[in-house]
Amino acid sequence: MSARIVLARGKEAPQFRRHPWVFANAVEALVGRARPGDTVLVETHDGRALGRAAWSPASQIRARMWTFDADEGIDDAFFRRRIEAAVARRAALPILAGQDGLRLVHGEADGLPGLIVDRYGEVLVVALNSAGTEKWSGAIVGALLRATGAAHVYERSDSDVRRLEGLEPRVGPLHGAPPASTVITEHGVRLLVDLVGGHKTGFYLDQRENRRLTRDLAAGRRVLNCFCYTGGFSLQALAGGAREVLSVDSSGPALAAAQTSLALNPGLDAGRASWRDADVFELLRELKAAEERFDMVILDPPKFAPSSAHAERAGRAYRDINRLGLQLLAPGGLLMTYSCSGGVSAERFRGFVASAAADAGVDAMVLQHLQAGADHPVALAAPEGEYLKGLLVARA
Ligand code: SAH
């Protein structure tokens with residue numbers, strides 16, 4: 001018989017709303033024995049079974065719900081069902097058709113808490129970010145191979161969140177002979193993806209649709225792409241007919257990868273692109289002092305606020321770069337501005353950008369709200385999963 005956890009009275013509300021996380025302070029007792037990752041039955045204080053979860057004694061998220069059906073077994077077949085459903089969900093969406101860089105499993109939203117799977121052509125890159133996914137890694141890899149027919153699986157379980165689960169980082173091949181890098185094609189542009197050393201699982205797949213929007217809006221514009229990483233937005237701007245694209249990042253390897261990608265696309269006019277290894281906060285000030293003007297400014301910074309505790313300081317950073325970005329825009333120019341901070345809500349972010357426009361002394365309007373692509377779904381029960389938000393802003 002599997003162990004069970006009893007929720008403290010009055011602390012069941014998240015699970016009544018089908019939220020997948022059981023926090024430490026909601027657990028009144030563990031009845032029986034469970035090791036990290038073991039499946040436990042979750043019960044209300046008065047003995048009503050709510051579902052099954054993975055036990056994670058080291059984490060503040062003490063258990064993650066696998067299912068809200070207490071009769072559903074957690075076994076190899078469970079992972080086959082969930083993974084097949086995640087793959088089928090994406091296959092049914094025309095907007096994702098033909099993409100060879102695609103997130104196949106997006107953790108909690110796909111009913112697989114802690115599991116990230118990204119597909120880059122024939123390679124799957126897997127991150128096991130919870131005790132439960134760690135325990136079931138064999139079943140997960142087997143189910144992935146079956147559902148996708150991919151040739152290679154590479155593990156990139158090296159994000160900080162593993163530490164919170166009491167797990168050591170782990171990277172390496174899990175199946176086949178994964179290459180260290182590969183090339184994907186996004187909206188007709190070829191991009192080098194460094195599977196071993198790149199950020200996240202190698203690439204920011206979440207910005208795919210926003211890069212398409214950049215391409216669609218770029219014609220004839222002078223573009224400034226800040227925090228360009230490996231040049232995803234820059235190359236789409238060139239593909240869209242930008243007059244000139246200046247890209248900035250403080251990572252030498254990322255800029256080198258951008259050059260390699262540019263060379264993979266002989267149809268793009270490399271002469272229109274320039275690259276700066278610099279700190280964005282400083283460069284924006286230099287450009288402003290030099291009275292440079294752009295018709296499109298892209299701001300896609302790293303997570304300034306990993307949690308809401310950092311929101312205040314992050315707010316100052318967002319206000320700073322957005323004020324400078326707006327000041328660098330020619331009238332009629334477009335700002336594409338993003339926050340991938342889990343600790344900053346979409347509403348709060350819009351507030352920061354509004355303050356930035358006030359500080360800049362410009363009139364500006366939101367043309368579109370932007371978010372991650374459909375391969376990064378957000379569970380209705382867990383809206384905090386909506387980490388990436390953006391605004392397309394026009395300067396009057
Ligand atoms: N827009 C990219 C992803 C950006 S990730 C894409 O679509 O792929 C954030 C990037 O910001 C990283 O490449 C990191 O090297 C860079 N970065 C972080 N702080 C920086 C700073 N102060 N100045 C310049 N670049 C910075």
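Predicted model: local features only at pLDDT ≥ 70, side-chain atom pairs only at ≥ 80, totals over all residues.
The crossing of helix α10 with helix α11 is right-handed. Helix α10 spans residues 311-327 and helix α11 spans residues 346-360, with axes that come within 8 Å of each other.

**Helices α10 and α11**

- The axes of α10 and α11 cross at roughly 45°.
- On the α10 side, the contact is made by A311, G315, Y318, R319, N322, R323, L326 and Q327.
- On the α11 side, the contributing residues are R348, F349, F352, V353, S355, A356, A357, D359 and A360.
- By class, the residues of the contact of α10 with α11 comprise 9 nonpolar, 4 polar and 4 charged.

**Helices α2 and α4**

- Helix α2 (residues 76-91) packs with helix α4 (residues 137-148) at an angle of about 40°, and their axes lie 9 Å apart.
- The two helices, α2 and α4, are therefore oblique to each other, and their crossing is right-handed.
- From α2, the residues D76, F79, R80, I83, E84 and V87 take part in the contact.
- These residues of α2 meet A139, I140, A143, L144, R146, A147 and T148 in α4.
- The contact of α2 with α4 divides into 8 nonpolar residues, 1 polar residue and 4 charged residues.

**Helices α6 and α7**

- Helix α6 (residues 208-217) and helix α7 (residues 232-239) have axes that come within 7 Å and cross at roughly 35°.
- The crossing in which α6 passes α7 is right-handed.
- The residues N210, R211, T214 and R215 of α6 make this contact with G232, F233, Q236, A237 and A239 of α7.
- In the contact of α6 with α7, 3 residues are nonpolar, 4 are polar and 2 are charged.

**The second largest pocket**

- The second largest pocket holds about 260 Å³ of space.
- Its lining consists of 15 residues, and those that lie nearest the centre of the pocket are R18, P20, F68, E108 and G111.
- Strand β6 (residues 61-67) supplies the largest share of the lining of the second largest pocket, namely 3 residues.
- The lining of the second largest pocket divides by class into 9 nonpolar, 2 polar and 4 charged residues.

How values were computed:
Residues numbered from 1 in each chain as written. Heavy atoms only, no water. 1 Å grid on protein atoms, 1.4 Å probe; cavity = no way out; pocket = protein on both sides within 12 Å on 5 of 7 lines; lining within 4 Å. Points joined across faces, edges and corners; volume = space filled by probe spheres on them. Helix = DSSP H or I, 4+ residues; strand = E, 2+ residues; numbered from the N terminus. Nonpolar A, V, L, I, M, F, W, Y, C, P; charged D, E, K, R; others polar. Axes fitted to C-alpha atoms, helices over the stretch in contact; angles between N-to-C directions. Parallel < 35°, antiparallel > 145°, perpendicular 65-115°, else oblique. Left-handed = near helix turned anticlockwise from the far one by under 90°. Contact = heavy atoms within 4.5 Å.
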